[in-house]
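User: I have a structure open and some questions about it. Can we go through them one at a time?
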Amino acid sequence: MSRVPAGRTTEPTTAHALLRRLHDHGVRTVFGVVGREAAAILFDEVDGIDFVLTRHEFTAGVAADVLARISGRPQACWATLGPGMTNLSTGVATSVLDRSPVIALAAQSESHDIFPNDTHQCLDSVAVMRPMTKYAAELQRPDDVTDLVDSAVAAAMTEPVGPSFISLPVDLLGSEIDTSPAHPEARTPVKPLGAVEDGWQEAAQKAAELVGAARHPVLVVGAAAIRSGAVPAVRALAERLNLPVITTYIAKGVLPHGHELNYGAVTGYMDGILSFPALETLFGPADVILTLGYDYAEDLRPSMWQRGGEKTTVRVSPTANPVPRVYRPDVDVVTDVLAFVEYLDRHTADVAPKTAHDIAPLRERIGEFLADPGTYDDGMRVHQVIDSMNTVMAETAEAGEGTIVSDIGFFRHYGVLFARADQPFGFLTSAGCSSFGYGIPAAIGAQLARPGQPVFLIAGDGGFHSNSADLETVARLNLPIVTVVVNNDTNGLIELYQNLGHRRSYDPAVKFTDVDFTALARANGVEAVRATTREELLAALRKGTGLGRPFLIEVPVHYDFQTGGFGALSI
């Protein structure tokens, strides 16, 4: 039997029903790469959905991940069968560990020819995707496609949020279907659904009593607090009780960058980068730790806050505790984060403001880094690059706007420490999966989610070039992303680990030959310059923000490795 349908039909097909139901759930963009299933689906079958062609399926997955994270709504990505699906799988893995409600879709061989590992390009897609998705299914009957989309959305929007996957045999995708049976209205949760334990208020009352009696309580905030809509309530509570707020990588921006109670985001690399006891300064005096929407996948480990004196811990989450071996809180409140914060606010109404513990020495140390006036022959320092990005972002973005995206590498941890974030998800990185090459697709997703706001991307030469083909996608879409490639011709984070483990590095495992990233950018339709000093970088960033189109800046950098201070990385 031919793999190509006899001709296009004007009758509704499974493809129509699929796209219509995605549209009903609020999906307006599908990112992806199409294969021979193009004979069955054009992606223009339903008005109101745009198809964004990417150069790689991984890009499609991460762009959907970030658009879903910022919008709080399900978003979709597409791959062809076989290797297209396996390419997409890393994007799916990113969205499960980074907690985004992605609907991943992939074509499959004809329903009568599905013999995984024997049929041309045929793999058991559901078996591949099931371990890293909330829901995975293969279409068996064309009329079921609407129900599969509903199931996929319901699973993706249940905490912990994450991806769902549907495998679509190409013959069924192009099949005519009967549209006369009316389907119920699509129900897309306004925010993710979470667990609520009976009697959670009793545990919340214990938490309120602990906060009332504490001398130095601290809020540790994760992304589930943002997803719950709790950010305004967290800010109000923190300001009323004078509670310091510390965040995971991805929850930066819960309090604005310059807020006095914003004690920053935590990375296990911070003591080593700063050559300063940052974790001890942040957590040492704390006697009560309230983790609001805490998620172990966000890489803030409980061992990091167990500094200094004895502490009582309160966990507040819309999921049951999945990691009791590493985090066994004294009080566990399983409920919606917003509901808890509102309860805590009411039940501490008579509590006087606390005296926030002093972190002035840490802020002074960070200030020293950001003010570094040095000129270095071997390349700029990453903290100088990020300070320059912060400066121009502050000049360009409206209050409470702007996004800095970080790819994966050693520089990312400088971003966690130093990058400004004045809104939730104002700093974006792959906190859970740390997917190399994340930067370009994440910036695409961020710019599409926030079209009127500046988006800056910082990427290392290794991660950037692992996925640099999608510079052409940025240019084709004319997205005004300003990209800074910090280039040391090295996988710098791996060189750090070599030095941590062996007190030396081994160049064949980490060193590259030189790539002219400005020429690469121009070849893909993106204007580009090279900057070697603060003054040149500031001028380039200001130029880039004023262009209204993509712009790339290559900056030679150098890391001064200090092998001490990284004990917090031990598991």
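User: Which residues are buried in helix 16?
Analyst: This is a predicted model. In helix 16, the buried residues are Phe410, Phe411, Arg412, His413, Tyr414, Gly415, Val416, Leu417 and Phe418.

User: OK, helix 3 next. How many residues does it have, and what span does it reach?
Analyst: Helix 3 covers residues 83-97, which is 15 residues. From its first C-alpha to its last it reaches 22 Å, close to the 21 Å expected at 1.5 Å a residue.

User: Where does helix 3 bend?
Analyst: At Ser89, by about 30°. Ser89 is also one of the buried residues of helix 3, which include Gly84, Met85, Leu88 and Gly91.

User: What covers those buried residues of helix 3?
Analyst: The cover includes helix 2 (57-71), strand 3 (75-79), strand 4 (102-108), helix 4 (125-129) and strand 6.

User: And what follows helix 3?
Analyst: Arg99 follows helix 3, and its phi is positive, near 65°.

User: Where are Asn242 and Ser275?
Analyst: Asn242 is in the loop between helix 9 (231-241) and strand 8 (245-247). At 27% relative accessibility, Asn242 is partly exposed. Ser275 is in the loop between helix 10 (270-274) and helix 11 (278-283).

User: Which residues does the cis peptide bond join?
Analyst: Glu159 and Pro160, with omega about -10°. Most peptide bonds are trans. Pro160 lies in the loop between helix 5 (145-156) and strand 6 (164-169).

User: New topic. How many disulfides are there?
Analyst: A search of the whole structure finds 0.

User: Why don't Cys77 and Cys433 form a bond?
Analyst: Their sulfurs are 14 Å apart, and that is too far for a bond. For Cys77, the closest cysteine sulfur is the one in Cys433, and for Cys433 it is the one in Cys77. The cut-off is 2.5 Å between the two sulfur atoms.

User: Are those two cysteines buried or exposed?
Analyst: Cys77 is buried, at 0% relative accessibility. Cys433 is partly exposed, at 24%.

User: What about the largest nonpolar core? Which residues touch the most other members?
Analyst: Phe340, Val385 and Ile553, out of 156 residues in that core. Helix 2 gives the largest share of this core, 8 residues. Apart from it lies another core of 33 residues, among them Ala15, Ala76, Trp78 and Leu168.

User: What does Ile553 touch?
Analyst: Leaving out residues up to four places away in sequence, Ile553 touches Val482, Thr483, Val484, Val485, Val529, Ala531, Leu537, Ala540 and Leu541.

User: Last one: Asn262. Where is it, and what does its side chain reach?
Analyst: Asn262 is in strand 9 (residues 262-265). Its side chain reaches the backbone oxygen of Pro256 at 3.0 Å. Asn262 counts as buried, at 17% relative accessibility. Beyond its neighbours within four places in sequence, Asn262 is in contact with Val245, Leu255, Pro256, His257 and Arg363.

Terms used:
Residues numbered from 1 in each chain as written. Predicted model: local features only at pLDDT ≥ 70, side-chain atom pairs only at ≥ 80, totals over all residues. Heavy atoms only, no water. Buried < 20%, exposed > 50% of the residue type's maximum accessible area, 1.4 Å probe, protein only. Helix = DSSP H or I, 4+ residues; strand = E, 2+ residues; numbered from the N terminus. Expected span 1.5 Å × (residues − 1). Bend = angle between axes of the 7 residues up to and from the residue. Contact = heavy atoms within 4.5 Å. Polar contact = N/O pair within 3.5 Å; in protein donor to acceptor, adjacent residues only side chain to side chain. Core = buried A, V, L, I, M, F, W, Y, C linked by side-chain atoms within 4.5 Å.
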